Amino acid sequence: MRRGERRGPGAALGKAALEEQPPPQPNGGANPADAVGERPPPPGAERDGPGLRRSTESEVYDDGTNTFFWRAHTLTVLFILTCALGYVTLLEETPQDTAYNTKRGIVASILVFLCFGVTQAKDGPFSRPHPAYWRFWLCVSVVYELFLIFILFQTVQDGRQFMKYIDPHLGVPLPERDYGGNCLIYDPGNETDPFHNIWDKLDGFVPAHFFGWYLKTLMIRDWWMCMIISVMFEFLEYSLEHQLPNFSECWWDHWIMDVILCNGLGIYCGMKTLSWLSLKTYKWQGLWNIPTYKGKMKRIVFQFTPYSWVKFEWKPASSLRRWLAVCGIIFVFLLAELNTFYLKFVLWMPPEHYLVLLRLVFFVNVGGVAMREIYDFMDDPKFHKKLGQQAWLVAAITATEFLIVVKYDPYTLTLSLPFYITQCWILGIILVLTWTAWRFFIRDITLRYKEIRRQKQEHKYEKDKCLSNGDGHSSMLEEQNGNKLRERKL
């Protein structure tokens, strides 16, 4: 491809992987679009310029530079890995400590698997800052899922005590902090600081809420879905505060600090960022092809931005399949949020422990890839015939975490809901099922019946008009042919 030539976001270039890189054909054959550097257009694609692309995809300009940074280094990694293992085997004396050797052996096994995955795993939909970065998190997902499976197969006592091998301070029951209590915004009884209740709530979780929802908005890319998940999680906290004490919060903590300030501001900033990314010009040049130092520095910074952009249009009311898919996404999102609190409760991990933070960092990195793969699978099922690998792993991890919670503390999960909470959830479920039945079944049947009735009235009018003109025989034949055509369509 000539330098400065325009192409669609799905074009296959010399770089390792792009956001719209097509997967290999199931039969092992070449993709017909490879000859022109474009992927086959999905349904509803629009023609724009020399290639076909979806209307929600951005245009990409690339000079096709393929530097050392983008080349595969499988032999280099294999050589370094072999040298490291050889050094441990031949030059390092093995300590006579069984526990230490066991830990080091497990860590070394994980590192070898990560090296293999980073160099050999299949690329995902993202390519910036480098495809190897996303392959690394894919392999971390596999390791984390295997760790969860191991914990799941232990007894409750052994599983909690096993956490001591990771951190000796774990394995001890910790009381949950109660966020409820005095809910007065202005406490006249405290003359020194009447607003002490507000200052007590302004801890490190406030910026965590904001940045968390900012990143979730970049994953979901839809304002309505983000607000629904945000509000529904507050309702879940109301519903489950009899199970976990830290779900008990003041009303203004739920709706003002969480929904409006932290979550709402994070969603707003995320939507502004999405608007900028959708309007941004994606024009890429090789670093050594840029003449000025300012341009080189700008190019290095932009390496950590997306290579191209796809605007998500979920359209949940367009079909039953998309409606069920969106409902499933919201359900898994809420379940993953609840797992954060229940896991640290059943495994006795304090909220400020680094493992809790690492889990959140993990989901931040894998969540964006998983959402993109789910959207492609839902929006273009003819081209993406199976669910993406990262989305599959995220769903498996979320389910395994929930099973651990069920096994380790079934008593807490089986605490009955208060009667008024049960009534509210039953009412909400009935409303959702009623709307689903009306929108995708009753409404379609009604519209189909009205259309058939309108067509019959039109043909009756045409028949009467033809009879008045003395052409009854031909009109009867036309009516019979029309009825047959309508039966075939129906």
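This is a predicted model: local features need pLDDT of at least 70, side-chain atom pairs count only at pLDDT 80 or more; totals for chains, interfaces and linings use all residues.

Modeller: Residues are numbered from 1 along each chain as its sequence is written, and side-chain values use heavy atoms, with hydrogens and water left out.

Biologist: Why is the pair of Phe 233 and Phe 247 called edge-to-face?

Modeller: Rings of Phe, Tyr and Trp (its six-membered ring) pair if their centres lie within 6.5 Å; planes under 30 degrees apart count as stacked, over 60 as edge-to-face and the rest as tilted. By this rule there are 25 aromatic pairs. For Phe 233 and Phe 247 the centres are 6.4 Å apart and the planes stand at 90°, so the pair is edge-to-face.

Biologist: What makes this pair a tie between parts of the chain?

Modeller: Phe 233 belongs to helix α7 (residues 223-240) and Phe 247 to the loop between α7 and α8 (251-279), so the pair ties together parts that are 14 residues apart in sequence. Helices are DSSP runs of H or I with at least four residues, numbered from the N terminus.

Biologist: What kind of aromatic pair do Trp 323 and Trp 435 form?

Modeller: Their pair is tilted, with 4.8 Å centre to centre and 50° between the planes. Trp 323 is in helix α10 and Trp 435 in helix α14 (residues 419-468), 112 residues apart.

Biologist: How do you know whether Trp 323 is buried or exposed?

Modeller: Buried means under 20% relative accessible area, exposed over 50%, and partly exposed in between (1.4 Å probe, protein chains only). Trp 323 has a relative accessible area of 17%, so Trp 323 is buried. Trp 435 has 33% and is therefore partly exposed.

Biologist: Which class does Trp 348 fall into, buried or exposed?

Modeller: The relative accessible area of Trp 348 is 18%, so this residue is buried. Trp 348 also has a positive phi of about 60° although it is not a glycine, and lies in the loop between α10 and α11 (354-379).

Biologist: Over which ring does the charged end of Arg 221 sit?

Modeller: A charge sits over a ring if NZ of Lys or CZ of Arg is within 6 Å of the ring centre and within 35 degrees of the ring normal. The charged end of Arg 221 sits over the ring of Trp 309, 3.9 Å from its centre. Arg 321 lies over the face of Phe 377, at 5.8 Å from the ring centre.

How values were computed:
Helices (H or I, at least four residues) and strands (E, at least two) are DSSP runs, numbered from the N terminus.
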